[in-house]
Amino acid sequence: SYVVIDHTGTVRQKFVGPCCGKSNYFDCSDSEALELNATLHSHVREALSDLRATYPSGNAKCFLTEWTEWTGCGCTSESDTTATRTRTRSVLQEAFGSGAACETFALTETEDCACSTSVDCEYTEWSAWSGCSASCGTTGRRFRSREVAVEAAFNGTACDSERLVEATSCEKEACAVQCVPRLGDTLAARAVDLGPNQALVSPRGIAFSPFPGRHLGNFTDARGRTFPREGSVDEGDEAWIADGELHAVTIVTGLGTSTSIPDNTTAGALRRKDRGWYHYMVNVTGIAFNSEASTGRAPGRDTFGYFATCQDDMNTYAGRKEPNYFMGPSLYDAGRVG
């Protein structure tokens, strides 16, 4: 594109050259280049002709732009009462003939000005409080926010981003006691000694696997029993316990038996902390299995035997990020980890 500007800064012509759209200047033909040259010369000659008509003596002083707007008053401290401000202009066309040269004209002007009264930051009114982040209990939080209405000026009190959001605790009715669903007509309980390295820490939820042994993969225990990936153990049940303070799930195998680990006296236990535990298992409170095996889905999408977790946590990624209050559920494959 080409623009022809005269001595007063006025745009006289704007046009697109004949070679526009070609990837390389040398793609233009000789005739196209000559056409462009003739067009430019024509527009420039026209502007020069008007200039000679305006200044027949051949003399003209320097041509300057209009003055810019004044800058703000340059107050630097709250004790200032006066300061200075400036405005500028620039050269459009150097003088010609015996006209006054540009050096004889000032390009910057400065004058005194009075400092304005300081302006403090102002905020909008607070929004309404959000709903409580918890549906029951005393651990909920609620929030309200506001925005900056007036920015600080002239050394006034600056805006504080930490004053744009407020949070407070909120309480709901007491949470219902959560119990293990009834299994069969009768319930029986017995103590399970998991040993000092496998002890439960703050157990908060329990579920019984509909597919015992799936997490073990191709595994053979001390008795020589095989736990196939798609099969199940031949005796005993399997309890999965949400272990809150350890941010993990503890799997107790062979319930109802006494010979499921090498010492032949106690049930076995495995502790499982999946990838992303700091997001999906922190302060885990609940666990449940998908026991529906007749969904009709493709095998790769059937989640029979998968388990889900919920957690009582602000979800700060173990203290590394701001809270986003995600509390689950999160779906995992119950197959062997790793």
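The side chains of Arg-144 and Glu-166 meet in a salt bridge, with N and O 2.8 Å apart, where a salt bridge is taken as a side-chain nitrogen of Lys or Arg within 4 Å of a carboxyl oxygen of Asp or Glu. Because Arg-144 lies in strand 8 (residues 140-145) and Glu-166 in strand 10 (residues 165-170), this pair ties together parts that are 22 residues apart in sequence; strands here are DSSP runs of type E with at least two residues, numbered from the N terminus. Arg-144 is partly exposed, its relative accessible area being 21%, and Glu-166, with 31%, is also partly exposed; on this scale, buried means under 20% relative accessible area, exposed means over 50%, and partly exposed covers the range in between, as computed for protein chains only with a 1.4 Å probe.

The structure is a predicted model, in which local features need pLDDT of at least 70 and side-chain atom pairs count only at pLDDT 80 or more, whereas totals for chains, interfaces and linings use all residues. Residues are numbered from 1 along each chain as its sequence is written, and side-chain values use heavy atoms, with hydrogens and water left out.

By the rule given above, the count of salt bridges comes to five. In general, side chains of opposite charge can pair when their charged atoms come close.

A search of the whole structure for aromatic pairs finds seven. Rings of Phe, Tyr and Trp (the six-membered ring of the latter) pair if their centres lie within 6.5 Å, and planes under 30 degrees apart count as stacked, those over 60 as edge-to-face and the rest as tilted. Tyr-2 and Phe-15 form a stacked pair, at 5.5 Å centre to centre and with 20° between the planes. Tyr-2 in strand 1 and Phe-15 in strand 2 are 13 residues apart, and their pair links distant parts of the chain; Tyr-2 is partly exposed at 30% relative accessibility, while Phe-15 is buried at 17%. The pair of Phe-289 and Phe-307 is tilted, because the ring centres are 6.2 Å apart and the planes stand at 50°. Both Phe-289 and Phe-307 are buried. Ring pairs also link Tyr-55, Phe-63 and Phe-96 into a cluster.

Arg-142 lies over the face of Trp-129, at 4.8 Å from the ring centre, and Arg-146 lies over the face of Tyr-123, at 4.1 Å from the ring centre; a charge sits over a ring if NZ of Lys or CZ of Arg is within 6 Å of the ring centre and within 35 degrees of the ring normal.

Notes. Helices (H or I, at least four residues) and strands (E, at least two) are DSSP runs, numbered from the N terminus.
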